[in-house]
Amino acid sequence: MVDSFVSVPTSAVLLLLLASSNLILASAVNFYQDFDITWGDGRGKILSRGQLLSLSLDKNSGSGFMSKSEYLYGKIDMQLKLVPGNSAGTVTAYYLSSEGPTWDEIDYEFLGNVSGQPYTLHTNVFTQGKGNREEQFHLWFDPTKNFHTYSILWNPKHIIFYVDNIPIRVFRNMENKGVNFPTSQPMRIHSSLWNADDWATQGGRVKTDWSNAPFTAWYRNFNANACVWSSGKSSCASKSPQSQSDAWMTQELDATSDRWLRWVRKNYRVYNYCSDVKRFVQSFPPECKFR
């Protein structure tokens, strides 16, 4: 639901309520079964009999976790509640990534800010080890007050980033136009909470205030409708492509979702790499021509 401090047109509020009523929340999960705390020396914790996970950051270290499974395409949902108060300098990263020097990656990074200022939601797509495809957004709610669902739909046609079932970004498969797309490297789900005050808040001008530590982010209700990769094979190979459970494999934006996407771009996108003429002086990345 839209928080009251954000000014949003009435028509947009009505649309948002409609979308929320159709949102299918991720089912409960046991984090013990699906994830490993990978670093942080006890700063990452699995709580409530596996139903809740927290990551913390202090002056000595941050923390992180990683999925036990690898996926090659999927619809991934996770509910997060971000670091409250003065979160300047902190980054909560939630992403899919493969391994190796030519890795693929699909990123959400939540860049903290001083109290009362909005988080910046930083998104990026890496293919064959190359990124530079950043789009940034502010959100229409305070992401520290309640849990919200952040989703990645990754299928052979496109990657779609969703916030509470509202699409905010689409990266299309344009391999036929010479643009790399992640099609062959399985990825794990990762998340981390770490200090990046050299760049994260206002270009590094605002530093982390360690008197507010420890900083903590919370996770719940992970869900993956996905192709699990194991021993060089995909679990989707044995499934019927018409089954309801893997409808995401051919999912595209309908007319309502496309209106939502345009609404977010107009009102909440604050940076688009395909419009940055100072950064790309000679030419934009090739996919910008086809968007």
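I call a residue buried under 20% relative accessible area, exposed over 50% and partly exposed in between, using a 1.4 Å probe and protein chains only. This is a predicted model, in which local features need pLDDT of at least 70, side-chain atom pairs count only at pLDDT 80 or more, and totals for chains, interfaces and linings use all residues. Residues are numbered from 1 along each chain as its sequence is written, and side-chain values use heavy atoms, with hydrogens and water left out.

**Entry 1: Glu135 and Arg269**

I looked up Glu135 and found it buried, at 1% relative accessibility. Arg269 has a relative accessible area of 24%, so I list Arg269 as partly exposed. The two form a salt bridge with their closest N and O atoms 3.4 Å apart. The rule I used for a salt bridge is a side-chain nitrogen of Lys or Arg within 4 Å of a carboxyl oxygen of Asp or Glu. Glu135 lies in strand S9 (residues 135-137) and Arg269 in strand S16 (residues 269-272), so this pair ties together parts 134 residues apart in sequence. For the labels, helices (H or I, at least four residues) and strands (E, at least two) are DSSP runs numbered from the N terminus.

**Entry 2: other salt bridges**

How many salt bridges does the rule give? I get nine salt bridges by this rule. One of them joins the side chains of Lys68 and Asp36, at 3.8 Å from N to O. This pair links distant parts of the chain, 32 residues apart: Lys68 is in the loop between strand S4 (63-67) and strand S5 (70-81), and Asp36 is in strand S1 (residues 35-39). Lys68 is partly exposed at 40% relative accessible area, and Asp36 is partly exposed at 36% relative accessibility.

I also noted Arg262 and Asp258, whose closest N and O atoms are 3.3 Å apart in a salt bridge. Both residues sit in helix H3 (residues 255-267), four residues apart, which is about one turn of the helix. Arg262 is partly exposed, with a relative accessible area of 47%, and Asp258 is partly exposed at 30% relative accessibility.

I traced an open sheet of eight strands in the order S1-S4-S13-S6-S7-S8-S9-S16, with antiparallel pairing. S1 and S16 stand at the edges with a single partner strand each, so one side of each has no neighbour in the sheet. I count two strands as paired if DSSP finds at least two bridges between them. S4 and strand S13 (residues 188-195) pair in the antiparallel sense over four bridges. Gly64 stands opposite Ser192 in S13.

**Entry 3: strand S10**

Which side chain does the side chain of Ser151 meet in a polar contact? I found Asp77, at 2.5 Å. A polar contact here is a pair of N or O atoms within 3.5 Å; within protein, one must be able to donate a hydrogen and the other to accept it, and residues adjacent in sequence count only if both atoms are side-chain atoms. Ser151 belongs to strand S10 (residues 148-154) and is buried at 3% relative accessibility.

Thr149 is also found in strand S10 and is buried at 5% relative accessibility. The Thr149 side chain makes a polar contact with the side chain of Gln79 (3.1 Å).
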